[in-house]
Amino acid sequence: MNRPHPSLQNVLILALIAHILSVVGLISYFSFRNSQASVQELAKQVVQERSDRIADYLTTYTAAPPLATQLNANAIQNGTLKLDRLSTWNRYLFQQSNLFQNLAYLYFGSAQGEYSELRRYGDRQFRYGYSDRQQRLKSFELDAQGNPQKVVLKRLYDPRIRPWYQLAQSGKTGWTEIYAFDDTPPMLGISFVRPVYEAQQFRGALGADFSLAGIHEFLSSIQPNSQSRILIMERNSKLIATSSNELLFDSERRRIDSITVQDPLIRRTAEMLRQRYGQQIKSHAPQLLTLQFDHDLHYVYLAPFADQYGLDWLIVIMVPQSSFLGQVEANQRMMLWLCLAALATAIVTSILTARWLSRPVQQLSEASQNIAKGEFDQIVKIRGAREFVGLARSFNLMSQEIQRSQSQLEEYAHTLEEKVRARTHQLEQEVEERQKINAELRAVFAAMDQLIFIFDRDGRHLKVPAKRAQQIFYKPIESRIGRTLHEVFPQDIADHFLQHIHQALDTQKTVDIEYTLEIEGEVVWSDASISPIDHQTVIWISRNVTDRKRAEQQLQQSHDELKQTLDELRSTQAKLIESEKLAALGQLVAGVAHEMNTPLSAIQSSIETLSGFMQTELEALPTFLQQLSVQRQQDFFSLLDHAAETAPTFARLSSREKRQLKRALSQQLKSYQIKPADIIADTLIDIGVYDRIELFIVLLQERDRDAILNAAYQLMIAKRSLQTLAIASNQAATAVRALKTYARQNADSQPILVNVIDSIETALTLYRNQLKRGVEVVRYYEEVTLIQAYADELNQVWMNLIHNGIQAMNYQGTLTIRVTSISNGIQVAVTDTGAGIPLEIHDRIFSPFFTTRPIGEGNGLGLSIVQQLIEKHSGTISFDSVPGCTTFTVCLRQSLPRTLT
């Protein structure tokens with residue numbers, strides 16, 4: 001019994017409704033689940049973002065004290081701050097306080113009990129304090145430029161009993177405990193201290209304090225909402241700062257534990273952390289916890305903050321879940337209504353769509369059943385969707401095509417027999433053509449002068465088509481067919497041939513070989529191509545190449561002879577280059593010797609001056625200083641410091657300018673009734689003191705001024721002699737180093753990375769004596785990369801070009817050297833202002849032994865050798881010459897070709 005099949009319309013309606021119901025249900029379910037996950041993820045992102053901002057702020061906020069104390073320690077080390085002059089620190093500390101505006105105190109306490117501090121009030125109010133070794137502290141108000149004003153406080157203060165000093169005295173650099181500043185109103189603060197040592201001896205402690213009130217203001221500014229809280233505390237639950245207005249210490253200035261604060265949310269969170277971790281909160285990684293408080297779930301984010309100097313704080317952020325749920329719940333209600341509306345609309349649409357889709361399918365089904373019964377004239381008319389209309393049109397065309405195919409089959413049955421007869425005739429003609437082609441191939445093989453064999457995998461001769469080349473057969477053809485290679489050739493030759501046959505068969509590729517055979521007492525060279533025909537047979541085509549081999553041997557012999565000749569030419573060229581280099585070196589020796597004479601004379605004079613100072617003045621200097629009062633000693637050292645400051649400017653003054661300064665200084669001394677003004681002015685100018693003379697008026701009015709000025713003069717003369725000694729020895733070393741670099745012999749040198757500018761400067765140093773006669777050197781150097789080259793040979797190039805330029809100008813003119821970067825290399829241009837190169841000798845300028853100089857002043861090899869060396873580096877050299885301007889341009893590659901390296 002056949003069960004009735006459901007209609008397409010009902011199937012479509014049920015399928016669409018079931019699909020829509022499942023989709024709507026899944027969307028609703030996942031929407032609810034995602035909303036819950038989204039709330040937690042959003043809360044985590046919010047608190048993590050706030051935590052990162054707080055950590056960044058704390059990193060920046062707490063970096064100022066370590067940096068400020070390090071800068072102060074550096075200033076002490078380089079002498080900017082002097083430990084025996086703490087009273088002069090006010091201006092430096094004032095500038096540093098303006099740089100680090102979040103620091104409340106900057107101070108230093110010495111091991112002798114001296115103390116210096118600068119305190120900041122608000123934005124632009126400062127107070128500077130200083131105490132001597134009797135601990136008498138005086139505090140001054142500072143003006144806008146950091147100058148002390150009136151005394152506002154006097155008290156006794158010994159820094160050595162303070163906790164911050166004792167921490168530094170123990171050798172530790174770091175933070176003190178948090179404490180309440182003695183300010184109005186009081187506030188929490190923390191100190192950073194750094195010990196100061198000289199010669200491994202403890203000299204005192206540097207410190208910097210800042211208030212924690214700024215952290216509170218920052219936390220309040222980034223608090224997510226009024227129900228949230230942010231706090232920073234130590235691991236023992238002591239509060240550091242909060243986003244609320246919670247007190248951080250009691251009336252006795254004792255710090256408050258987070259367990260005892262007034263804010264219930266902070267107190268409840270602290271209790272939860274105490275229960276979870278104990279008295280010390282040992283959380284070393286960020287954590288997101290949950291807390292049920294006031295009928296609402298709260299997210300508690302705990303993140304550690306630490307630095308390299310011992311800070312170990314905790315950042316705690318508390319955010320209620322309700323602050324994220326309002327919009328989520330509204331979205332869920334909206335999603336529910338939208339799902340219900342979409343469900344109702346989809347059901348109605350599904351029913352109408354199913355009816356609209358099933359009607360054309362039913363018409364096509366009825367027409368198909370009629371065609372199956374043999375009724376081919378079926379025409380279906382459908383209105384509706386474009387696809388169904390196209391399907392109906394295709395169905396109608398198919399019906400018409402079936403009718404035409406029926407008639408064509410009948411006609412094809414009549415013509416098939418005629419086509420078979422025509423194809424048979426065509427195949428007979430193709431067979432005749434193939435037989436003709438085979439005959440032509442046999443004729444071609446018979447006419448070829450190569451040996452052709454057909455071998456199987458065992459090396460057996462199957463066929464030998466060629467006839468003309470029988471005169472070079474190893475054995476007659478009659479003894480080949482059917483026999484293996486081992487039956488025809490010796491064992492080693494047969495193994496060699498068989499190996500290559502197997503290679504061609506295994507790889508199915510042509511194998512080319514060369515071999516020799518002794519035929520009738522004569523060695524015959526042959527090359528062969530072994531090509532696979534199938535997987536079991538190969539064709540072997542061999543050619544007699546004995547004549548070619550003999551020609552190659554003769555060619556190799558000629559090549560060896562040419563190579564020997566080339567080596568001899570290169571050896572000759574190297575000797576010529578060495579001869580040219582030695583000739584140039586001989587010309588340079590006199591100039592370098594003269595160049596060495598000036599610094600050596602300066603060195604001798606400076607040594608004599610220093611020797612006299614050591615024998616007379618230096619022994620008397622300690623006694624002289626002990627005879628001076630403390631104030632005169634300070635004036636004496638101030639005079640020397642001032643002379644050292646003005647030394648660089650004083651060294652550049654001309655004699656005329658010094659005379660003008662002397663006259664002005666003499667007039668100024670006379671205005672102060674100091675006599676003899678001219679002699680004292682002359683002495684001060686010799687020392688190097690010519691300005692700010694009012695600093696030394698008191699000294700110049702003392703009875704012992706002449707002794708002080710004489711001692712200062714002798715010390716400055718000794719210092720200048722030392723400077724002259726250093727400059728002269730450096731000049732001599734430079735000349736010797738340049739001559740050593742040029743004269744270095746290295747016949748087996750290898751290319752290295754060369755700085756072209758240094759190489760040119762070496763040549764200029766060696767020609768310095770000739771250049772001083774009247775040649776101005778103008779340099780235009782770009783920053784260029786190192787190049788791969790033979791260093792000695794490049795030195796020879798620059799020496800020759802510079803020497804030619806100097807001689808072309810007759811030692812009077814301007815020599816310009818330009819070094820620039822070009823594509824894949826550098827370019828060097830050497831320009832002189834000589835008479836130029838006549839046009840008629842341009843073509844011969846690089847010819848060996850060609851010279852325009854008189855006999856005895858050159859051998860004509862300089863530019864020829866330069867060209868050869870540049871070409872050896874795969875570079876180029878060219879020149880452009882007009883009267884008054886001749887330029888030789890050299891282009892070098894950044895790296896040499898592999899054939900040269």
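Biologist: Is Glu49 buried, exposed or partly exposed?
Modeller: Glu49 counts as partly exposed, because its relative accessibility is 31%. The cut-offs: buried is under 20% relative accessible area, exposed is over 50%, and partly exposed is in between, with a 1.4 Å probe and protein chains only. This is a predicted model, so local features need pLDDT of at least 70 and side-chain atom pairs count only at pLDDT 80 or more, while totals for chains, interfaces and linings use all residues. Residues are numbered from 1 along each chain as its sequence is written, and side-chain values use heavy atoms, with hydrogens and water left out.

Biologist: Which residue does Glu49 form a salt bridge with?
Modeller: Arg53, with 3.7 Å between the closest N and O atoms. A salt bridge here is a side-chain nitrogen of Lys or Arg within 4 Å of a carboxyl oxygen of Asp or Glu. Arg53 is partly exposed too, at 38% relative accessibility.

Biologist: How far apart are Glu49 and Arg53 in helix α1?
Modeller: Four residues, so about one helical turn separates them. Helices are DSSP runs (H or I, at least four residues), strands likewise (E, at least two), and both are numbered from the N terminus. In general, an α-helix has 3.6 residues a turn, so residues three or four places apart point the same way. Arg50 joins in as well: Glu49, Arg50 and Arg53 are linked in a network of salt bridges.

Biologist: How many salt bridges does the structure hold?
Modeller: It holds 15. One of them pairs Glu198 with Arg203, where the closest N and O atoms are 2.6 Å apart. Another joins the side chains of Arg235 and Asp312, at 2.8 Å from N to O.

Biologist: Where do Arg235 and Asp312 lie?
Modeller: Arg235 is in the loop between β10 (229-234) and β11 (239-242), and Asp312 is in strand β14 (residues 312-320), so this pair ties together parts 77 residues apart in sequence. Arg235 is buried at 9% relative accessibility, whereas Asp312 is partly exposed at 34%.

Biologist: OK, sheets. What order do the strands have in the open sheet of five?
Modeller: β11-β10-β14-β13-β12, with antiparallel pairing. Two strands pair if DSSP finds at least two bridges between them. The edges are β11 and β12 (287-293); each has a single partner strand, so one side of each is left without a neighbour in the sheet. On average, neighbouring strands are turned by 25° against each other, direction ignored.

Biologist: How many bridges join β10 to β14?
Modeller: Six, and the two strands run antiparallel. Glu234 stands opposite Trp313 in β14.

Biologist: Which strands does α4 touch where it packs on the sheet?
Modeller: β10, β11 and β14, and the direction of α4 makes about 45° with that of β11. Helix α5 (residues 264-277) packs on the sheet too, touching β10, β11, β12, β13 (296-306) and β14, at about 120° to the direction of β12. Those axes are lines fitted to C-alpha atoms, for helices over the stretch in contact, and angles run from 0 to 180 degrees between N-to-C directions. Contact means heavy atoms within 4.5 Å.

Biologist: Back to α4. Which of its residues are buried?
Modeller: In α4 (residues 213-221), Gly214, Ile215, Phe218 and Leu219 are buried. Down the axis of α4 they fall within an arc of 135°, so they line one face of the helix. The arc is taken from the directions from the helix axis to the C-beta atoms. Glu217 and Ser221 are exposed on the face turned away from the buried side.

Biologist: Which residues touch the most other members in the largest nonpolar core?
Modeller: Ile54, Trp89, Leu212, Ile215 and Trp313, out of 71 residues. A nonpolar core is a set of buried Ala, Val, Leu, Ile, Met, Phe, Trp, Tyr and Cys residues joined through side-chain atoms within 4.5 Å. Helix α1 (residues 8-77) gives the largest share of this core, nine residues. Leaving aside neighbours within four places in sequence, Ile54 contacts residues including Phe218, Leu219, Ile230 and Ile315.
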